[in-house]
Amino acid sequence: MSSQFRLLREQRFRPFFLTQFLGAFNDNLFKNALVVLLTFQAASWTTIAPALLANLAAGIFILPFFLFSASAGQLADKYDKAGLTRLVKGLEIAIMLVALAGFVAHSLTVLLAALFLLGCHSTLFGPVKYALLPQHLHEDELIGGNALVEAGTFVAILLGTLVGGMLAAAPQGELWVAGGGLAVAVAGYFASRGVPPAPAPEPALKINPNPVSETWRNIGFARQNRPVFLAIMGISWFWLYGALFLAQFPAYAKGVLGGGEGTVTLLLATFTVGIGLGSLLCEKLSGGQVEIGLVPFGSIGLTLFGLDLAFASPTVLPAGAPLAIGAVLVQPGMVRVLLALLMLGVFGGFFIVPLYAMMQSRSAPQQRARIIAGNNILNALFMVVGALSAGALLSAGLTIPELFGVAALMNAAVALYIYRLVPEFLLRFVVWMLVHSVYRLRTEGSARIPAEGPAVLVCNHVSFVDALVIAAACRRPIRFVMDHRIFRWPVLSYVFRHSRAIPIAPAKEDPQMMEAAFAEVARALANGELVGLFPEGKITADGELCPFRPGLARILEGNPVPVVPMALRGLWGSMFSRKDGPALSRPLRRGLFNRIELVVGEPLAPQTVSLPGLQLQVAELRGDWR
């Protein structure tokens with residue numbers, strides 16, 4: 001059983017998972033049943049057009065995130081998160097009683113008030129939910145834990161939608177929806193009683209009752225760490241994008257596909273299954289680490305399949321609408337519509353899970369819940385703007401497929417803007433693609449690379465992509481020292497430049513560049529960074545180790561830091577090595593899917609390092625491989 005599913009058996013995760021699963025289930029049982037009822041029975045409830053009503057309901061539900069997230073973040077940093085979880089679940093029971101009263105009275109106002117209160121419930125739980133995970137999970141479990149939470153959330157959305165649709169279609173369906181929601185809320189409360197304690201990181205925190213100033217303060221906490229803030233912006237855009245699509249499904253099913261309630265459920269099921277699959281695949285594709293290289297991959301898919309959904313949508317309403325679900329499925333192009341929706345969900349999972357894990361792992365623990373609250377505030381702001389914009393565009397005459405196409409093009413523009421601001425996303429994507437398409441990488445002993453503090457990583461030099469392969473296996477950024485000619489290699493130069501590699505030249509060729517390189521290495525180590533060296537000074541021409549040059553000794557003399565020996569195996573003979581001629585001179589097929597390994601040895605104290613001894617250790621780690 002993989003590590004992420006193992007978490008479901010453990011007390012530190014299972015009660016929390018069940019609590020958040022039941023909460024998401026209940027939100028969507030009520031919300032989607034209400035939207036379906038209002039879409040297909042609108043005349044008996046209101047005169048508002050169904051398409052606009054769906055966007056209104058979506059806006060009402062997420063508005064509390066914008067209004068009250070700042071207060072929720074303070075509470076989650078000040079009080080035990082397990083106790084807050086039980087309090088929130090108690091409130092959910094009361095909210096379901098309000099919904100029951102609204103259905104009995106047939107009052108749209110009361111039902112929308114209950115929807116708003118459900119949004120408040122989710123607002124309070126949001127910072128608790130994501131700040132609790134790093135307290136109960138190890139860092140190498142964050143991707144798996146987040147993947148389970150995201151997959152579970154969307155499976156809950158799917159099941160809540162299915163159950164809500166069935167209850168809404170039953171005789172006296174309104175009462176069944178309210179009764180079912182009340183039962184789920186009670187079950188969620190009992191599940192929350194098993195959540196282990198999660199002590200407050202800052203119990204002395206003084207609560208600021210002003211939501212406006214505290215909102216700005218929370219966003220300020222997030223802005224202190226640029227990658228975290230940009231991750232939050234990416235998450236917020238995803239929820240705008242996803243919520244825009246989800247909000248249109250009832251009207252899309254009715255007015256474009258010619259279906260009924262069952263078609264709405266089918267669309268939601270397809271999309272949420274895709275999100276679940278993409279989320280669970282993240283743990284495997286990332287090797288258990290926080291791999292932000294999946295984020296650009298996800299954004300590419302979100303754009304391509306958003307556009308495909310727009311182009312695949314029928315332009316003429318089928319005859320005989322509304323059609324039964326079986327009749328909708330046999331309509332021309334319907335398979336393409338469902339496949340586009342499924343893949344939209346899969347790539348959405350690739351996009352969102354690493355961003356959540358990055359936000360959690362790189363946030364200061366004392367401020368994590370408030371940073372997550374800042375995330376929720378921006379999520380809400382983006383979704384409100386998205387709902388209003390969608391409503392305005394639809395009112396202006398845009399069709400729903402055209403709206404999907406506009407959103408997909410905007411996704412591409414936003415993604416390019418974020419990746420231009422933070423090249424780390426694109427750099428990790430290039431590295432990830434390299435080791436998952438050209439090579440099959442296996443690592444041994446990667447945990448021996450220090451999790452913090454300065455160190456020098458020393459490795460044999462086999463190919464032009466050695467630095468990229470090592471970077472793919474290490475969770476921390478590495479400042480590689482490399483030959484200035486390789487540093488300027490076309491295409492790869494972009495990666496090396498933005499990863500802050502340090503170009504170096506021999507003293508006889510450019511003594512000033514050499515001295516500048518040693519000075520930059522000293523600054524990097526003084527700042528607690530990792531520096532990567534290839535002490536042979538050149539790429540091997542015959543697959544054997546070349547003598548180590550004395551540059552390492554000079555570095556350690558001025559910067560006595562640990563030295564981590566490592567060895568690359570299997571890259572000799574690949575298309576980026578110099579076997580049988582220059583790199584890239586062999587047929588491409590001979591360089592694809594090479595099985596390669598990176599073996600990491602025990603860190604060495606600087607005073608014990610000698611060049612002959614270090615070379616011998618690297619040779620032993622390499623073994624018989626080249």
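Tutor: Helices here are DSSP runs of H or I with at least four residues, numbered from the N terminus. In these terms Val385 lies in helix 14, in a model that is predicted. Val385 belongs to a nonpolar patch on the surface, together with Leu63, Phe66, Leu67, Phe68 and Leu381. The accessible area of these residues together is about 440 Å². Two elements, helix 3 (50–78) and helix 14 (368–395), each give two or more residues to the patch. Of the contributors, helix 3 gives the most, with four residues.

How exposed is Val385 itself? Its relative accessibility is 40%, so Val385 counts as partly exposed; that class lies between the cut-offs of 20% and 50%.

Ser192 is found in helix 7, which spans residues 173–192. Because its relative accessibility is 0%, Ser192 counts as buried. Leaving aside residues up to four places away in sequence, Ser192 touches Thr19, Thr85, Arg86 and Lys89.

The second residue is Ile143, in helix 6 (residues 142–169). Ile143 has a relative accessibility of 1% and therefore also counts as buried. From Ile143 to Gly623 the separation is 480 residues in sequence, and their C-alpha atoms are 33 Å apart in space.

Key
Residues numbered from 1 in each chain as written. Predicted model: local features only at pLDDT ≥ 70, side-chain atom pairs only at ≥ 80, totals over all residues. Heavy atoms only, no water. Patch = residues over 30% accessible without salt bridge, like charges linked within 9 Å, V, L, I, M, F, W, Y side chains within 5 Å. Areas by Shrake-Rupley, 256 points an atom, 1.4 Å probe, with all protein chains shown as cover. Salt bridge = Lys/Arg side-chain N within 4 Å of Asp/Glu carboxyl O. Buried < 20%, exposed > 50% of the residue type's maximum accessible area, 1.4 Å probe, protein only. Contact = heavy atoms within 4.5 Å.
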